[in-house]
Amino acid sequence: MDRHKVKRQRLDRICEGIRPPIVNGPMPARPLVALLDGRDCTVEMPILKDVATVAFCDAQSTQEIHEKVLNEAVGALMYHTITLSRQDLEKFKALRVIVRIGSGYDNVDIKSAAELGIAVCNIPSSSVEETADSTLCHILNLYRRVTWLHQAMREGNRASSVEQIREVAGGAVRIRGETLGIIGLGRVGQAVALRAKSFGFNVIFYDPYLPDGVERSLGLQRVGTLQDLLMHSDCITLHCSLNEHNHHLINDFTIKQMRQGCFLVNTARGGLVDEKALAQALKEGRIRGTALDVHESEPFSFAQGPLKDAPNVICTPHTAWYSEQASIESREDAAKEIRRAITGHIPDALRNCVNKEYLLLAAQWSGIDPATVHPELNGAAAYRLLIGHESTLPHD
Ligand SMILES: NC(=O)c1ccc[n+]([C@@H]2O[C@H](COP(=O)([O-])OP(=O)(O)OC[C@H]3O[C@@H](n4cnc5c(N)ncnc54)[C@H](O)[C@@H]3O)[C@@H](O)[C@H]2O)c1
């Protein structure tokens, strides 16, 4: 009997006792794909309609997801407004691929997903320009005080004499020669650096994960430690991904290392900043002003949380990424990734699988070579079924 057939038979036998029937065999003829935290599937449908049934859940947590989706969905599309912890992932009985419609995937436990045989993908190109442009808007706003001037006018302030202008526009600063410190020089960080240079900023960055040489190709100054960046920047902007090592990267201790009266901008992730410490620093004038698109608790409300009575705060509701074009492009790209998962081999067929290493490692531990899994099982099915169940392998 050929090797594939033997392996397939072994898999089938293992599956019988472990998982519900939908994950036992090949992909169902019309697999179910669910948009977890949204309603509008009009962009995704035309791309998937000949290979899958598309449903939407409009859920904010897995408790709100219908039983049928939990039992049958093979693919999931999601934005940033739902979180999938290990406990949540375990509720899905047939899931093989999750695609984050966006670049950040800190709301999914990608390691646990891999251990459960679920590939997680993101759309890294999505909104790089929009997020960088929004960041520059925030930085320019802090320096040129546009929002606050607008507010003053709304409140009836009619500055006409130079003295009145001085009063209402006090705190406006010249940009040329100021040092902008970028924390995290990935896609968005680099796009911010290029834009900031043309405004006359002296740009420095801190990113311990990048290889040497990036600073040369982009003409930037690299600093070796976070402390160096904090000490030398007039305005600090966050562009690192949120991970298990950098929660509250900006806290009371690191704020005290910043220059007196510097600006802070965050369009990356709310969890990077301890808002209580930030509010205190704003009240004491140690930080002159801050612009935040992302918050520790979202959706953000000015009425709640430590920033409610802090001065010089500009907030936007996690919209830095949004433009009509970016939204459509990332939805199209996400649907295409799901299509590749359904029609191809997981994870090899995927363009942006962020837990591929974990998936392969998990497959290795399960004793199955992903390359030799029968193609009908589509790879991921084998990972999912076997992890942690090696001891149940019947001996031939
Ligand atoms: N507000 C929005 O609408 C919006 C839109 C897009 C992206 N984002 C967020 O912006 C951030 C950047 O996105 P991206 O696409 O450029 O990601 P990316 O993965 O391309 O870049 C992240 C960079 O951060 C670096 N990094 C990680 N931990 C770090 C640390 N502790 N100190 C310094 N550098 C560190 C990494 O090495 C990497 O170069 C992410 O958090 C993403 O979720 C927000």
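Modeller: First, a term. A helix here is a DSSP run of H or I with at least four residues, a strand is a run of E with at least two, and both are numbered from the N terminus. The model itself is predicted.

Biologist: Where does P347 sit in that numbering?

Modeller: In the loop between α14 (324-343) and α15 (356-365).

Biologist: What makes the peptide bond joining I346 and P347 stand out?

Modeller: The bond is cis, with omega about 5°. Most peptide bonds are trans. A cis bond also runs from E298 to P299, with omega near 0°. P299 is in the loop between β11 and β12.

Biologist: Why is N312 called partly exposed?

Modeller: Buried means under 20%, and exposed means over 50%. N312 has 31% relative accessibility, so it falls in between.

Biologist: How do you know whether H318 is buried or exposed?

Modeller: Its relative accessibility is 10%. The cut-off for buried is under 20%, so H318 counts as buried. H318 also has a positive phi, about 50°, although it is not a glycine. H318 is in the loop between β12 and α14.

Biologist: Why is W148 called buried?

Modeller: Its relative accessibility is 15%, which is under 20%, so the term applies. W148 lies in helix α7 (residues 146-154).

Biologist: What does W148 contact, leaving aside neighbours within four places in sequence?

Modeller: L142, N312, V313 and I314. Take V313: it is 165 residues from W148 in sequence, while the C-alpha atoms are 9.9 Å apart.

Biologist: What makes a set of residues a nonpolar core?

Modeller: The residues must be buried, of the nonpolar kinds, and joined through side-chain atoms within 4.5 Å. The largest such core has 30 residues. Those with the most contacts inside it are I183, I250 and M258.

Biologist: Which element gives the largest share of this core?

Modeller: α13, with five residues. Others that give two or more residues include β7 (202-206), α11 (226-232) and β10 (262-266).

Biologist: Which residues does M258 touch, not counting those up to four places away in sequence?

Modeller: L230, I236, I250, L264 and I287. In soluble globular proteins, nonpolar side chains tend to be buried together.

Biologist: Now the ligand. Which residues around it come nearest?

Modeller: V188, D207, C240, T267 and D293, out of 27 residues around the ligand. The shell divides into 12 nonpolar, 11 polar and four charged residues.

Biologist: How much of the ligand's accessible area does the protein cover?

Modeller: The protein covers 89% of the 860 Å² that the ligand has on its own.

Note on methods
Residues are numbered from 1 along each chain as its sequence is written. This is a predicted model: local features need pLDDT of at least 70, side-chain atom pairs count only at pLDDT 80 or more; totals for chains, interfaces and linings use all residues. Side-chain values use heavy atoms; hydrogens and water are left out. A residue is near a molecule or strand if one of its heavy atoms lies within 4 Å of it. Accessible areas come from the Shrake-Rupley method with a 1.4 Å probe; for residues, only the protein chains shown count as cover. Ala, Val, Leu, Ile, Met, Phe, Trp, Tyr, Cys and Pro count as nonpolar, Asp, Glu, Lys and Arg as charged, and the others, Gly among them, as polar. Buried means under 20% relative accessible area, exposed over 50%, partly exposed in between (1.4 Å probe, protein chains only). Contact means heavy atoms within 4.5 Å.
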